[in-house]
Amino acid sequence: MKNIRIFALAIAFVGSIGFTSCEAVKNTNNTQRGAAAGAVGGAVIGGILGNNLGKGGNTALGAIIGGAVGGTVGGVIGNRMDKQAQKIETALPGAEVERVGEGIKLTLGENSVNFDLNKASLTAKAKANLDKLVSVFNEYPDTNIQIFGYTDSSGSDEYNLKLSEQRAASVQQYLSTKGLTSGRFVTAGKGEADPIATNDTPEGRAKNRRVEFAITANEKMVQDAQKEAGKQ
């Protein structure tokens, strides 16, 4: 599992005005990283990084970091997300799972939930792989799930944006039919933005026809984490 040390960036930012170094944060566990971020205003830093990442082509990352709580509470949330990320990896080996701060970025591409050219409908393979995620999402109900749909560069910007919205909606609708509460989901289309591969080859375009999830704590998880942090 790829661990992205986003909080290290935050500490590096404030390190210039006398706080701890980013290298020290890299070597800490999730609880300690959360506490360090809280010491310098985790939520504020999360908002800054989230906005910058979202504008810079990392929409799911920005969504996760922008909602960071920080502090010891953020560390507790991070530990819970560690467990969920491991379950997702086990359930769906073909997916790309990244632990980011207090959330999880999940990319479903050609090895899990890919789309045919100009199509938003889910293939049989895509449905089978989404089925594997349902049990994990049910086991961890206290999360919000943002789904971002993407296309390759074929077609006009307007067409691609609409198609990407339909792809995100197809995934959300399918998961809802499996019993997951629709209120947990927010969907958005990003068109051909944020490519993860070249659009100059058929193989690269296939990789770009994908969905990405940003999995974050809902209010109940935050409240539970606050209670747990208060006992520490």
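On a 1 Å grid over the protein atoms alone, a cavity is defined as a set of points where a 1.4 Å probe fits but cannot get out, and its lining residues have an atom within 4 Å of a point. The structure is a predicted model, in which local features need pLDDT of at least 70 and side-chain atom pairs count only at pLDDT 80 or more, whereas totals for chains, interfaces and linings use all residues. Residues are numbered from 1 along each chain as its sequence is written, and side-chain values use heavy atoms, with hydrogens and water left out.

A search of the whole structure gave three cavities of 30 Å³ or more, with grid points joined across faces, edges and corners and volume taken as the space filled by probe spheres set on the points. The second largest cavity has a volume of about 40 Å³. Its lining includes Leu-117, Asn-118, Thr-151, Asp-152, Tyr-159, Leu-163, Arg-167 and Arg-209. Two of these lining residues, Leu-163 and Arg-167, are also touched by Lys-119 (contact: heavy atoms within 4.5 Å), not counting residues up to four places away in sequence. Lys-119 lies in the loop between E3 and H7; helices (H or I, at least four residues) and strands (E, at least two) are DSSP runs numbered from the N terminus. Lys-119 has a relative accessible area of 44% and is therefore partly exposed, the classes being buried under 20%, exposed over 50% and partly exposed in between (1.4 Å probe, protein chains only).

The largest nonpolar core has 38 residues, of which Leu-108, Phe-137, Val-171 and Phe-213 touch the most other members. Such a core is a set of buried Ala, Val, Leu, Ile, Met, Phe, Trp, Tyr and Cys residues joined through side-chain atoms within 4.5 Å. Helices H6, H7, H8 and H10 and strands E3, E4 and E6 each supply at least two residues of this core. A second, separate core of eight residues includes Ala-60, Leu-61, Ile-64 and Phe-148. In helix H5 (residues 59–66), six of the eight residues are buried, among them Ala-60, Leu-61 and Ile-64.

Beyond four places in sequence, Phe-137 touches residues including Ile-88, Leu-106, Ile-145, Leu-175 and Phe-213. Leu-106 is also in contact with Ala-95, as are Thr-107, Leu-108 and Ser-112. Ala-95 lies in the loop between H6 and strand E2 (96–100) and is buried, with a relative accessible area of 14%. Ala-95 and Ser-112 are 17 residues apart in sequence and 6.0 Å apart in space, C-alpha to C-alpha.

Note on methods: On a 1 Å grid over the protein atoms alone, a cavity is a set of points where a 1.4 Å probe fits but cannot get out, and a pocket is an open set with protein on both sides within 12 Å along at least five of seven lines; lining residues have an atom within 4 Å of a point.
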